[in-house]
Amino acid sequence: MSGRSGRVVSKALAVCLILTAAAYIGPGSGLRAGLLAPRPGPIDRPLAFAVADLNRDGFDDLIVANFQSGTLTLLLNQHDGTFALGPGSPETIGAASFGFPTPGPLSLAVGDLNPDDVDSDGVPNATDDCPNTPNASTVASGKQVDSGTCVGGSNDTNSCQVDADCPSGFCQGNGVGDLCEVMKTDANGTVTGTLDSDGDGVPDYDPNFDPTNPSTALDNCPLAYNPGQEPTAKGPNGLCGDGDDNSSLFGPDGQCGTLDDLRSPVGDACAVSPDVVILGNSLGGGSPLGIVRVRLNDGLGDFVSRPSKVTDIGASQIILADFTGDGKPDIAQSNALSGTVLFYKGQTDGTFSTDTVLATGAGPQGLASADIDGNGSIDLAVANRTAGTIGIYLSQNGTLPTGASTTLMLDARSRPTGLLAGSINGDACGDLITLDQGSGSMCVGGTKDGSGCTLDSECPSGTCSPGVCIGGTKVGAGCAVNTDCPGGSCDTGGSGDAQIEVFGSTGCGAGSFLLANAQTISLGPAARPTGGLLRDLDGDSVPDLAIADFAGGSVLIFRGIGDGTFATPAVATLPGLSNPVALATLDYDADGRPDLAVLEFAADRVDLYHNDGGFAFSISPGSPASGWKGSSAMAMFGADSLAGIDTVLLHRSPPRLDVLSGIGNVFFRPTPFTGTGAVSLLMKKPLAPCTGGFCSAGSAAASACTTDADCPGTADAMLVADVHQDGIPDVVVVDTPGSTLTTLQSSPSGGFSETATTPVAPGPTRATAGSLILYDYDRDGVPDYQDDCPFVYNPPDCKGDGSTNPRCKVDQPCALNPPSLDCTTKDPVSGQCDSDADGVGDQCELLSITCGTLDTDGDGIPDYSPTTHKLDNCPTFANPLQQDTETAAGPDLSCGTLDDYPPYYGPDGLCGGGDDLATVGDRIGDFCPDSVNNVVAVSPPAGSLTVLDGGGTGIFHRRLFPRLPPAPQLLEQTHEGYPRPGIGGTGLLDRRPADRPGRRRRRLLFPPDTGVGAGGPDRAPGHERSAGLQQPDRHPADHLPIRHRQPQPGDRRPRAGDLDRRDLSGVKERADPPSGAFGAPARRDRPPVRRSL
């Protein structure tokens, strides 16, 4: 075989079940091209999947191994037939790159590798003070964090988290880890009661627990319904003194059934925490060696890594089973090209020993475990595809032999690739079912030697032959004549059809067995069985057989008879699938019947079929299983702290935000969020009101409720904008039936948290954001040039402790020596709180947790310097030169030129007259991003716009509630000084580039027949009219004039290159405007300027 053709066969063999595709998928199929193309996505060319209760809530979840993207997709059951992305999904296990083939996952297996530590935090369940939530001991103290008070030492009675906080003493907590002390809160974060996540009547955390018995403080299965909190001291029968009492749960009195009985840290309902081992086809970098990656479940459906293992060449399949009988799962892993199976003995902490090599026949691939000889120990079966044999390795005295105990000989043309094991005839010995690919025809010689074919033309410089070598050095290889098989012969007879072979045990006894072929089911020459399962599907207690036909695009279901065979033909067929590669059963709706999950390789998805009974299956309403089936909106922006553009998807109901973190090469990685709601943020604050004991809207509409928190709404649309003005995009979620907007703040480290929910007009469908008020960056009513904290909302007399206005509250990280917030001293001009009289408002005097300076934008200029008492004039955008050119003289610093800034002229109305209002800028750096102080929501059912005001906090209050004007015309102020029709009706802000970075031109919304300006029909000079939006309670800053008026402090100055709007005498006039469109001249010493629409 040539080097090139050898590589073709190597690649085909190394891809486990896909290796069979290389033998029969010819040119033009598109499959091979798809494998080489980089593809993003949550499920990407999947080869294997598994079912397990990942978050231990009593419902089956899904793990999908994506060969193309090198990831695992974790899908958590939402208890309603739908699935949501798990907190660590997608889990990277060998990401793809353009330079090398994907070291992607071929196979995976699930088992509990460390049952004594369900949250995998390194603290055993028995001593873990928060056993169902990962909370590892701190490195410094060696203890878990349990806040309390210091006992003894210099800090006696002070608050503490760890012993290090208590010199010469120790920290005395309440015996419950801080991460488990979770309570129910309202929209403002105020504790409203205990939380019962699983609804079993047992609080997740009960703050009123008996302090002498901390074990009773926590629900021992907080996500799984278990009102009895089993296991208990009374044992399985629930009675004391009946011989099954659990003495380990007796309290200090040593008695069963007394008040001091202990509660098991982990309940029976969630005792299993499924871990996963994943087989990758390459170490990476083009290495022919495979890799076994180990991921331990943290108890909530996310994973932590453990040391990996290197495999031999041609990694094919992996399984977990307790072959040694010590209660810890072991690994068996096959390698097709090296002809070996590697055995790794499991340890107590989720790690594995060095490998033991088991010799096999040629081309080992499929693996299965069962008690084949009936002696109570788990044995191993290996399908040797090239050799056409099944090797049986019988476990003896807690170990597997290094060579096969016995071998089953199959037809040379069978190509057994997959194995299933179980008892199908009712005895104590395990039976085997082989999935035979059949040899078909292969190219012999030429550039495609060993590839599947149907015609000679598909084999350049070779021939297409149905022959296969029997014996010799090339056993199992394609051949045309005997000379193609050195030391053997070429068998060109037989059909080589794909088939299912059933081997039943006879003469089963302890330590003795005989496996014989009980049935062969032909699938035809075009079929390629790649996956299957044994499960009682019709409820008659007899295992049935389901087979995934990759090439035929169908699933075949055969009814089990009970005598070790299956009725033919298939009792049911699921057709029209896109290369089904694997099958699994799960009860996604908890109705007691096993439903069917089908993994489709070409379609990149998992289809769900509901078991209707009697071998009738119907497509599930929740199919395909996906975290984004109910997505209502999406956006692409930098949502996390790492480089790369991310994809953010909004799920309508229940409202949820998912983030796929971009790597920069069209693939995705897990988002490095921390804390609750990491990559998949389930919005927990109310989006719908509880009225009269029932939810009035949202996903729980008409269901009973006690408070608004019981009524989650829907997430129908989203807006991406920096509403907190910290340089990081935030998300505003629109709830249409609940008529609310919810703000999700993005943190610098990645992740989102809810900050506020605001009611708007009924039925909002879309929202946009920007700033409708100029010259007041933080929207606090103090002009920028007078504001002593221009980036943070701090109106006059607003105390930093939040007592006068919650929006002014300062969350000061510096706790040791924080600046004063008593507002005893105020800015003499603006009246803003400046407690230390240093010229900087209290809200801007933020320091780090160590009381050092902060530099948010990393430009070397502190956000606030307590020594110089200066602020970075653009704290969220790097501007080390601190440019701020908004002075009376304009950017050229020369009076009398076109870029003079009239709003900063002094009382004499002249530039440079000695009384200019600002000579050092307006305190907002030239390169600062636009402020986002307003959100406008449109509500078509109400025919209304809701305009919300904010101050950079992400908290908004309703300002205007106008009825949409008839046929509005959008006008844009151009640099020539004339209005012109705007672009569509897409928003209130011009998003085109402006002359100056971060500053946008303004658009104004007027009906064509509405008077605007000092000469309007129903307004006195000095007021403006805007589509009937005038309201008596408007903020003073709302009255900043729009045009044709005397310049005022805070007005926008013309940019370089603009004409002075006050002096337009040299501009050629246009046609007369409509009557009343524009009124009196801007200044009495200047003639009026006529403008037209």
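Start by selecting Arg45 and Phe601: Arg45 lies over the face of the Phe601 ring, 5.4 Å from the ring centre. Keep in mind as you go that this is a predicted model.

Colour by sequence and you'll see a link between distant parts of the chain: Phe550 is in the loop between β33 (544–549) and β34 (554–558), while Phe601 is in the loop between β37 (595–600) and β38 (605–613), 51 residues apart. Both Phe550 and Phe601 are buried.

Now show the cysteines, where the disulfide count is 13. Go to Cys150 and Cys166, joined with an S to S distance of 2.0 Å. The link is left-handed, at -80° about the S-S bond. Cys150 sits in strand β7 (residues 148–151) and Cys166 in the loop between β8 (159–160) and β9 (170–173), 16 residues apart. Both cysteines, Cys150 and Cys166, are buried.

Next, select Cys469 and Cys485, a disulfide with its sulfur atoms 2.0 Å apart. The S-S torsion here is about -80°, so this one is left-handed. Cys469 and Cys485 are both buried.

Last stop: Cys479 and Cys490, with sulfur atoms 2.1 Å apart in their disulfide. Which hand does the link of Cys479 and Cys490 have? At 90° about the S-S bond, it is right-handed. Cys479 belongs to strand β28 and Cys490 to strand β29, so the pair ties together parts 11 residues apart in sequence. Cys479 is buried at 0% relative accessible area, and Cys490, at 13%, counts as buried too.

Key:
Residues are numbered from 1 along each chain as its sequence is written. This is a predicted model: local features need pLDDT of at least 70, side-chain atom pairs count only at pLDDT 80 or more; totals for chains, interfaces and linings use all residues. Side-chain values use heavy atoms; hydrogens and water are left out. Helices (H or I, at least four residues) and strands (E, at least two) are DSSP runs, numbered from the N terminus. Buried means under 20% relative accessible area, exposed over 50%, partly exposed in between (1.4 Å probe, protein chains only). A charge sits over a ring if NZ of Lys or CZ of Arg is within 6 Å of the ring centre and within 35 degrees of the ring normal. A disulfide is a pair of cysteine sulfur atoms within 2.5 Å.
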